[in-house]
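User: I would like to learn how to read contacts made by aromatic rings. Could you take me through them step by step?

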Amino acid sequence: MRPDILTPLFAETESLEGVGPKLKKPLARLGLERLRDLAYHLPERFVTRRAVTDLDEAGEGEQIVIALTPTEHRASRSQRGPYRVLAQDAKGNICALTYFGRASYTAKKTLPVGEKRWVAGRLDRFGDMLQIVHPDHVASESSTLSGNLVEPVYRLAEGLTQPRVGGLVAQALEKAPELAEWIEPGVIEREQWPAWRDALVLAHKGEHAKARDRLAYDELFANALALMLVRQSNRRRKGQSLQGDGGLRDKLQLPFPLTGAQRRSIDEITGDMAQEAPMLRLLQGDVGAGKTVVALEAMLVAVEAGAQAALLAPTEILARQHFETLRKLAAPTGVEIALLTGRDKGRARESILMGLLDGSIQIVVGTHAIFQEAVQYKNLGLVVIDEQHRFGVSQRLLLTAKGKVTPHTLSMTATPIPRTLVLAQYGEMDVSRLDEMPPGRQPIDTRVISAARIDDVVAGIERHLTTGQQAYWVCPMVRDHESEDIAAAEARYAALKERFGEDVVLVHGQLSPELKDAAMQRFAAGEAKLLVATTVIEVGVDVPNSTLMVIEQAERFGLAQLHQLRGRVGRGSEKSTCLLLRGDELSETGRKRLALMRETQDGFRLAEEDLELRGGGELLGTRQSGDEAFNIATLEQITRLLPIANDDAKLLVERDGGLDSERGQAARVLLYLLERDWGVQTLRSG
Ligand code: ADP
Ligand code: MG
């Protein structure tokens, strides 16, 4: 149960003055649904305005506050045109206050001719006229504006204005209670951080680094603490020691020797599985590093020990691929493997359920369908979760809650997350790293090409396809909007289809699973030669005959993601090529990123460099796996503060694992406040 003291903060935004259904929508689009969301809607930046007495004093482009008297309203002749209010300063200089669209209604009301107004906004020039487009504030009293020269700038959505959001944030902050301190006193003192409520208020007022740090720290600490509680409760859970006799593993006829990294990881995993406490281990290995075989060995250990194993994939496509691969690899062992997805119905499904219940099916591969209520296991000993980052921690917890005895869990991710972020996201787990690639991999010939040469690229694809090999075409990432990405993909698909006809297929996130699968099947079977896709192919697809990859607007992708995408090629014996198409306006970071892609194929190195580049200040449009766990802390803060937060959390759990002390109680409040309460749940169940 959420502590009572937080109740006001969890009230809906509609409970605020001035918020009705109409305002609720744009707020919700920003994720602002409750007062706490508003309180934590921290400014993106601040503007500092200068109060000037006349326009001569102000520079173009400057943020100013000035007294102006409207002299004339000018509606545009065309509907879409601007609405201008001409206004005079004390010296008689004229400036236009310019409004577009519906905002003109406001202008009519707030700027009556002949009445002096205080106006805040950015002074620009339009032709030979000075103007302020959409003034941020218009007030009849000077006091409201001139006392407030540093102003927060919030992220907005259509239908919201800065003053609007600012006002709601202020209301939310008023309702915020004082909360007991959860940070270790020594840390607070050393860093000279303000108390929680003060920090929140300050963070909205100006560039208060200490306040921002404190709030970031809260988030990192809450996360670390929740993960540690999970880890602690896991240790206390009843698992089963699984020790195989090697009987099945000996029968495997792998066509290659294992790499050193694979052998080491397998040893670590079998070591864990032999313990009674359930394993919580992350297997981190770049695309192509050979995680599947490691997973198979672990699953065979479980089967040798008389238990069952389940492999969970994030998509049906991947589940199917894993199933095919494992069935082939494990054929000599005679182990019974089944595939179970949400689409299996009727008899086929019944018989799989029976097999899992009576133990005749020893390994099951599937989507989350394998954890539904109806699915009962005879003795589930090991759960392998592929592509971990698709599942949140709370989901991870649910998965292993099945049965009286907690199964061992092996999570696998192909995202080479930097060490600091591994700790942040998977802090409750032990980590095995596949940092050595199987031998004989051909390097992927990576080139950066101007998008202006797209015709050459298409011609190149044509030549490539005539050799019988296949290709991927990854569409540009438009912005944060999936629907725009899809529109871009559809457009590219249509254009390529004119050239290549039936040889092209399209895959994106909004296709029905049937259509998506059908397209993937055609491509995997070699019937289709060119796969056009949004980033959905990022995860797992394996078609070795596809040896060319084109990535449009490559500069928009983060390094980690580019690397992930590129990993789709270079899987067969033929030499592979990756063409990174870049736009004309390449930022310094964009250029560095693409250069690095050309330079190295080492995923771990790219991940560390990515962190470095992003930490360097450039905001990428998209958050990437690794830091998406955090809303408040920036990458720079994560790197700087996370180690402290981790130590602090560890110390608290060691001293007060039940969170019963005064500080423990405060920390509970924090976990609820920052919605890491799954950490608290483990206290009760464990
Ligand atoms: P991941 O899942 O880590 O991306 P996979 O398990 O799909 O990688 O392995 C990629 C390819 O490498 C597969 O074709 C697999 O058979 C092969 N492979 C795995 N381990 C080795 C090894 N030790 N030597 C040679 N090839 C290997
Ligand atoms: Mg894989």
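Analyst: A charge is said to sit over a ring if NZ of Lys or CZ of Arg is within 6 Å of the ring centre and within 35 degrees of the ring normal. In this model, which is predicted, Arg 2 lies over the face of Phe 10, at 3.9 Å from the ring centre.

User: How many aromatic pairs does a search of the whole structure find?

Analyst: Searching the whole structure gives four aromatic pairs. One of them is formed by Trp 193 and Tyr 217, a tilted pair with 4.9 Å centre to centre and 50° between the planes. This pair links distant parts of the chain, 24 residues apart, with Trp 193 in the loop between helix H6 and helix H7 and Tyr 217 in helix H8.

User: Are Trp 193 and Tyr 217 buried or exposed?

Analyst: Both Trp 193 and Tyr 217 are buried. A further tilted pair is that of Tyr 472 and Phe 523, at 5.4 Å centre to centre, with 45° between the planes. Tyr 472 lies in strand S18 and Phe 523 in helix H18, so this pair ties together parts that are 51 residues apart in sequence. Tyr 472 is buried, with a relative accessible area of 0%, and Phe 523 is likewise buried, with a relative accessible area of 0%.

User: Which residues form one aromatic cluster?

Analyst: The cluster is made up of Trp 193, Tyr 217 and Phe 221.

Technical notes:
Residues numbered from 1 in each chain as written. Chains lettered and ligands numbered in written order. Predicted model: local features only at pLDDT ≥ 70, side-chain atom pairs only at ≥ 80, totals over all residues. Heavy atoms only, no water. Phe/Tyr/Trp six-rings, centres within 6.5 Å; stacked < 30°, edge-to-face > 60°. Helix = DSSP H or I, 4+ residues; strand = E, 2+ residues; numbered from the N terminus. Buried < 20%, exposed > 50% of the residue type's maximum accessible area, 1.4 Å probe, protein only.
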